[in-house]
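Here is a short briefing on one protein chain. Please keep the sequence and the model open while reading.

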Amino acid sequence: MSQSHPRISKAVIPAAGLGTRFLPATKATPKEMLPVVDKPAIQYVVEEAVAAGLDDVLMVTGRNKRPLEDHFDRNYELESALEKKGDGERLAKVQESSDLATMHYVRQGDPKGLGHAVLCAAPHVGDEPFAVLLGDDLIDPRDPLLQRMIEVRQEHGGSVVALMEVAPEQIHLYGSAAVEATEDADVVQLSGLVEKPSREEAPSHYAIIGRYVLDPAVFDVLSKTEPGRGGEIQLTDALQQLAADATLGGPVHGVIFQGRRYDTGDRGDYLRAIVRLACEREDLGPDFRTWLQRFVTEEMQQR
């Protein structure tokens with residue numbers, strides 16, 4: 001039977017990581033600010049939240065992350081210079097990021113893991129359901145994953161995670177979920193979660209990717225969650241407790257995602273994401289695809 005649950009309006013984006021896999025580029029530049037074509041990766045994530053109706057965005061940051069705040073703030077000097085030049089196109093692009101959403105920021109003083117980063121959002125979120133979007137995962141706007149997750153939360157309550165089926169040899173890179181089918185083909189109920197299991201220990205090939213819609217009960221669970229894998233407070237461990245005991249904060253469901261996802265947390269996948277998105281751009285795609293085809297079929301064969 002369909003139920004009605006409180007509307008979700010707040011999104012939390014953990015962005016306190018050091019980005020060590022991209023050194024030396026991230027020595028002085030936050031990894032979230034690395035460009036994907038001509039926009040920083042973090043802007044794609046905020047745009048996704050806004051498209052799903054979440055216009056109140058809290059970013060959990062750390063040291064040396066001030067450029068994130070600057071990017072979503074007004075830059076009057078730059079805007080004035082573009083206006084004087086009559087460059088309305090670039091002026092609109094500059095203003096777009098500052099007009100996207102109501103932005104808030106809180107610092108995660110110590111890097112104690114994703115669960116701790118989410119816990120830092122408790123004073124801002126309060127007793128409301130909310131979404132968590134990880135910046136390393138870019139979801140193609142043509143595949144509205146977050147909207148679907150919010151729909152599932154509205155119907156079932158509790159928490160909802162995004163799942164994607166991966167090859168068995170890759171499951172150790174993700175959290176893995178034990179799942180039970182529901183009446184909806186793309187929705188499962190979770191009975192267990194394991195953070196980065198070995199291939200043999202994984203309960204399924206369904207990996208948890210970087211989108212969550214969480215019941216506020218998760219804060220109480222996180223506050224009592226001991227450090228797990230890597231000595232960090234794992235969000236997966238808290239969700240495991242919620243999945244095991246629905247009285248703590250409702251059930252945990254998963255939405256199986258089969259759309260387009262771009263992983264910018266790995267150098268190779270980051271480059272592939274840029275190529276894919278550039279190829280699909282109307283302003284860049286035609287010339288870029290022609291060059292790319294020639295490069296692959298001609299120049300690479302000569303090496």
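How many nonpolar, polar and charged residues are in the lining of the largest cavity? By class, that lining has 4 nonpolar, 2 polar and 3 charged residues. The model is predicted.

**Cavity**

- The count is 1 cavity of 30 Å³ or more.
- The largest cavity holds about 80 Å³ of space.
- Its lining is made up of F22, K31, E32, L34, A41, G135, D136, T264 and Y270.
- The charged group in this lining numbers 3, against 4 nonpolar and 2 polar residues.

**Second largest pocket**

- The volume of the second largest pocket is about 480 Å³.
- The lining has 23 residues, and those closest to the pocket centre are Y44, I139, D140, P141 and L277.
- Four elements each supply at least two lining residues: α1 (41–51), β7 (137–139), α7 (145–156) and α10 (267–280).
- Which of the elements gives the most to this lining? That is α1, with 4 residues.

**Helices α3 and α4**

- Helix α3 spans residues 76–85, and helix α4 spans residues 88–99.
- The two pack at an angle of about 160°, and their axes are 9 Å apart.
- Because of that angle, α3 is roughly antiparallel to α4.
- Is the crossing of α3 and α4 left-handed or right-handed? The crossing is left-handed.
- On the α3 side, the contact is made by L78, E79, L82 and E83. On the α4 side, R90, L91, V94 and Q95 take part.
- By class, the residues of this contact are 4 nonpolar, 1 polar and 3 charged.

**Helices α10 and α11**

- Helix α11 covers residues 285–299. Its axis and that of α10 come within 7 Å.
- The two axes cross at roughly 125°, so α10 is oblique to α11.
- From α10, the contact uses V275, A278 and C279. From α11, it uses G285, F288, R289 and L292.
- This contact has 5 nonpolar residues, with 1 polar and 1 charged.
- Helix α10 also supplies at least two residues of the second largest pocket's lining.

**Backbone features in loops**

- Which residues are joined by a cis peptide bond? L23 and P24 are, with omega about 5°.
- P24 sits in the loop between β1 (10–14) and β2 (35–36).
- V37 has a positive phi, near 70°, and is a residue other than glycine.
- The loop between β2 and β3 (39–40) holds V37.

- Where does P251 lie? P251 is in the loop between α9 (235–244) and β12 (252–256).
- P251 and D215 are 36 residues apart along the chain, and their C-alpha atoms are separated by 9.5 Å.
- Neighbours within four places in sequence aside, P251 is in contact with H156, G157, G158, S159, Q189 and A246.

Definitions and conventions:
Residues are numbered from 1 along each chain as its sequence is written. This is a predicted model: local features need pLDDT of at least 70, side-chain atom pairs count only at pLDDT 80 or more; totals for chains, interfaces and linings use all residues. Side-chain values use heavy atoms; hydrogens and water are left out. On a 1 Å grid over the protein atoms alone, a cavity is a set of points where a 1.4 Å probe fits but cannot get out, and a pocket is an open set with protein on both sides within 12 Å along at least five of seven lines; lining residues have an atom within 4 Å of a point. Grid points are joined across faces, edges and corners, and a volume is the space filled by probe spheres set on the points. Axes are lines fitted to C-alpha atoms, for helices over the stretch in contact, and angles run from 0 to 180 degrees between N-to-C directions. Angles under 35 degrees count as roughly parallel, over 145 as roughly antiparallel, 65 to 115 as roughly perpendicular and the rest as oblique. A crossing is left-handed if the near helix is turned anticlockwise from the far one by less than a right angle, and right-handed if clockwise. Contact means heavy atoms within 4.5 Å. Ala, Val, Leu, Ile, Met, Phe, Trp, Tyr, Cys and Pro count as nonpolar, Asp, Glu, Lys and Arg as charged, and the others, Gly among them, as polar.
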